[in-house]
Amino acid sequence: EDEEEEEEEGEKEKEREKLPPIPSASSAAAGGLERGAKNQFSTFSNFITTINQKKEGIGNRNSPTQLVIPNIKNVRDLPPICLDVRQKQRISIDTLPQELKAPIPPEPSLPIRTKTVKDFQQLKYSKHFKTKMLHVLSNLQKDTNSPFNTIEDSGINAKFVNVVYDALLNTPQDVQKSVLKGIINGLLQEWKGPRTKDDLRAYCILLQNPQFSNTSTYVIYAHLLRQIAALTEADHHFLVHWSKKISQRRFKQVVDRLLQFISLRLFPAKPEEFPPMVKCTWWIPSATKVLALFNAANSLISPPIISYTDFYNSTLDHIDLMEEYHNWQCYGNSHRFSFCQYPFIISIAAKKVIIQRDSEQQMISIARQSLVDKVSRRQKPDMNMLFLNVKVRRTHLVSDSLDELARKRADLKKKLKVTFVGEAGLDMGGLTKEWFLLLIRQIFHPDYGMFTYHKDSHCHWFSSFKCDNYSEFRLVGALMGLAVYNSITLDIRFPPCCYKKLLSPPIVPCDHNTLVGICDVTLDDLFQIMPELAHGLSELLSYEGNVEEDFYSTFQVFQEEFGVIKSYNLKPNGDKIPVTNQNRKEYVHLYVDFLLNKSIYKQFAAFYYGFHSVCASYALLLLRPEEVEILVCGSPELDMSALQRSTQYEGYQKTDLTIRYFWDVVLGFSLDLQKKLLHFATGSDRVPVGGMADLNFKISKSETSTNWLPVAHTCFNQLCLPPYKNKKELKQKLIIGISNAEGFGLE
């Protein structure tokens with residue numbers, strides 16, 4: 001029997017040797033992938049058809065399989081996977097509704113497969129491993145009675161796929177070559193009509209093949225990616241929903257493999273391994289489009305399968321990003337590829353570079369125009385016209401700042417320079433930072449009444465108190481915009497929901513009647529601000545008793561404003577509509593929407609317009625809400641070793657005993673104490689986007705007595721440290737100093 005199998009395998013090997021060659025990169029680039037005639041024997045076909053296994057159907061064992069696909073006419077209306085972000089905000093890919101699915105004749109019936117995972121695992125001990133492995137791959141059981149009627153069900157036996165791929169790289173080279181030959185053969189098949197579900201399952205499985213981590217397989221991998229990228233929108237939706245069911249480990253491997261493919265095509269370690277770039281310009285666009293499918297799948301799940309930062313490709317930090325940005329601005333979502341069409345792949349550091357350079361270009365353009373206007377009127381040019389000059393009195397800080405920014409709206413995109421009236425001093429950055437710190441501390445003070453500090457969540461939220469003038473909220477928005485524009489990190493604690501609203505929409509609408517700052521909010525958003533209230537609403541949703549009789553609530557809520565209790569209806573006649581088991585979800589949704597959108601609309605709208613009066617730029621379209629927060633407030637992740645490497649010294653050498661004591665103590669601090677130190681020295685416990693090096697942290701020698709505590713100049717990120725005699729004394733004085741310093745913007 002073994003001899004017969006070997007003879008059969010020999011005949012099949014001869015047939016595989018007749019495979020048509022892979023088309024050259026030039027012909028593929030010019031006219032697409034040429035497809036050869038369908039072979040009678042296809043390792044690829046067997047490999048895929050057999051690994052596909054539909055989940056067991058309950059109660060449908062005796063009914064024939066009935067496949068359904070979305071109605072193609074309706075599918076055209078579905079949102080694309082990655083559209084021009086300048087036209088709309090990011091669109092999540094939702095599950096296709098049932099009405100979009102129309103039955104079609106069943107696919108050709110497939111033979112019942114009898115091989116199992118156990119059979120495959122036993123192959124390792126067979127002397128005819130190659131022959132029997134291919135036999136098992138073509139004999140995985142597939143239950144043809146199991147219905148396939150949902151976009152969520154791929155019918156792939158994921159466990160078997162994992163077992164095969166985990167073993168594949170340890171198999172003999174001839175087995176691995178046979179698998180690759182089968183893939184080539186399948187990719188060269190002539191396709192007639194739309195892809196079947198087996199074709200889509202094939203793509204889904206092949207993307208997980210670990211062989212594609214090897215650069216020698218990149219030509220095959222590129223053609224696979226090209227075919228997947230060229231699928232219809234409906235097929236992409238199937239792949240997106242199937243991909244979110246892949247295990248986290250395998251999902252991360254596929255994403256890393258795609259990122260590596262892009263990186264090595266941009267900067268190949270051995271250029272001779274790949275065709276010339278001019279002949280395969282489609283490689284990177286194809287890989288990026290497939291990566292967009294996985295990004296879409298990742299965004300469908302809460303919490304996501306992997307972090308959004310795992311899609312960053314740091315290699316892009318080293319290309320001409322401004323050219324990418326300008327191409328995107330000029331050509332949008334046309335046939336000209338730009339990484340800016342797929343902003344999820346661009347790191348926050350790279351986005352900061354784009355925003356800064358875009359800001360600088362706008363600053364230079366506006367300053368140049370001011371100079372030209374001055375010269376055209378035959379007036380003497382003044383260098384001050386090149387800057388946004390803000391003059392304020394310390395005793396009237398908020399009102400003076402409001403007046404200055406209101407009068408100089410046309411200059412907001414110029415470089416900021418601050419002068420305190422009656423004080424001699426040239427602003428080299430320190431006065432600007434001091435102005436920000438003092439304003440933030442005053443505006444966010446609870447007595448000021450603009451923002452409410454929530455102790456449970458350690459964040460601020462907008463006060464819902466009604467007033468006649470919301471200009472101070474506009475000032476706070478402008479301050480945040482100026483901070484981003486001038487690369488200043490602010491010590492502001494807004495919840496993530498705030499930044500989501502700030503990008504709703506990311507570009508200020510031309511129609512002033514259009515609502516701004518309104519976004520979809522959930523109970524999770526409320527948990528981040530008012531966890532106690534959110535917990536109560538969550539309990540209401542899960543309550544098993546009679547909600548109407550036990551809670552006796554209506555669609556009406558109450559708020560205290562300046563000591564007066566006011567009532568608001570969540571819907572028309574809400575005070576007469578009881579909350580019941582049937583409508584409690586609607587009640588919770590309307591209540592959360594009221595708290596986070598409607599009750600603070602005027603306040604947040606002023607804040608929104610203030611921010612965008614400074615930061616109006618297409619570059620904002622590249623950002624996620626989390627990334628806006630990092631640009632404004634910095635990153636919460638500390639690396640004190642990196643701070644040690646970049647610290648500058650004045651009066652000390654880094655080898656001095658006091659400095660060595662200092663770093664021994666700081667590196668041994670808990671995270672909480674390290675944050676307190678950073679807050680004490682810089683005014684914020686967060687790190688700029690560029691990392692610790694961007695802090696320009698300095699330790700200066702203080703000539704005062706060692707009985708004194710350390711002193712900080714937050715405007716210059718400077719710590720003044722007396723020459724303490726021993727480590728114990730230094731640690732004691734440092735902890736006292738950083739633990740009793742007043743924080744900005746927090747109670």
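The following legends describe an overview and several close-up views of a predicted protein model.

**Figure 1. Overview of the predicted protein model.** The secondary structure of the protein consists of 29 helices and twelve strands. Of the 747 residues in the protein, 51% are buried.

**Figure 2. Packing of helix α15 with helix α25.** Helix α15 spans residues 348–376, and helix α25 spans residues 625–633. Their axes come within 11 Å and cross at roughly 70°. Because angles of 65 to 115 degrees count as roughly perpendicular, α15 and α25 are roughly perpendicular to each other. The crossing of these two helices, α15 and α25, is right-handed. On the α15 side, the contact is formed by Ile348, Lys351, Lys352 and Ile355. These residues meet Glu627, Ile630 and Leu631 of α25. By class, the contact of α15 with α25 comprises four nonpolar and three charged residues, with no polar residues.

**Figure 3. Packing of helix α21 with helix α23.** Helix α21 covers residues 531–542, while helix α23 covers residues 584–596. The axes of the two helices are 9 Å apart, and the packing angle is about 165°. Since an angle over 145 degrees counts as roughly antiparallel, α21 and α23 are roughly antiparallel to each other. The crossing of α21 and α23 is left-handed. Helix α21 contributes Leu533, Leu537, Leu540, Leu541 and Ser542 to the contact. Their partners in α23 are Arg584, Lys585, Tyr587, Val588, Tyr591, Val592 and Leu595. Classified by residue type, the contact of α21 with α23 contains nine nonpolar residues, one polar residue and two charged residues.

**Figure 4. The cis peptide bond between Ser302 and Pro303.** The peptide bond that joins Ser302 and Pro303 is cis, with an omega angle of about -5°. Pro303 is located in the loop between two helices, α13 (283–299) and α14 (321–331).

**Figure 5. The cis peptide bond from Ser504 to Pro505.** This view shows a cis bond leading from Ser504 to Pro505, for which omega is near -5°. The loop that holds Pro505 runs between α19 (496–502) and α20 (523–527).

**Figure 6. The backbone at His458.** His458 is a residue other than glycine with a positive phi value, near 55°. His458 lies in the loop between two strands, β5 (451–454) and β6 (459–462). The relative accessible area of His458 is 52%. As exposed residues are those over 50%, His458 is classed as exposed.

**Figure 7. The backbone at Asn696.** Asn696 also has a positive phi, here near 50°, although the residue is not glycine. The position of Asn696 is in the loop between helix α28 (671–682) and strand β10 (698–701). With a relative accessible area of 47%, Asn696 is partly exposed, a class that lies between under 20% for buried and over 50% for exposed.

How values were computed:
Residues are numbered from 1 along each chain as its sequence is written. This is a predicted model: local features need pLDDT of at least 70, side-chain atom pairs count only at pLDDT 80 or more; totals for chains, interfaces and linings use all residues. Side-chain values use heavy atoms; hydrogens and water are left out. Axes are lines fitted to C-alpha atoms, for helices over the stretch in contact, and angles run from 0 to 180 degrees between N-to-C directions. Helices (H or I, at least four residues) and strands (E, at least two) are DSSP runs, numbered from the N terminus. Angles under 35 degrees count as roughly parallel, over 145 as roughly antiparallel, 65 to 115 as roughly perpendicular and the rest as oblique. A crossing is left-handed if the near helix is turned anticlockwise from the far one by less than a right angle, and right-handed if clockwise. Contact means heavy atoms within 4.5 Å. Ala, Val, Leu, Ile, Met, Phe, Trp, Tyr, Cys and Pro count as nonpolar, Asp, Glu, Lys and Arg as charged, and the others, Gly among them, as polar. Buried means under 20% relative accessible area, exposed over 50%, partly exposed in between (1.4 Å probe, protein chains only).
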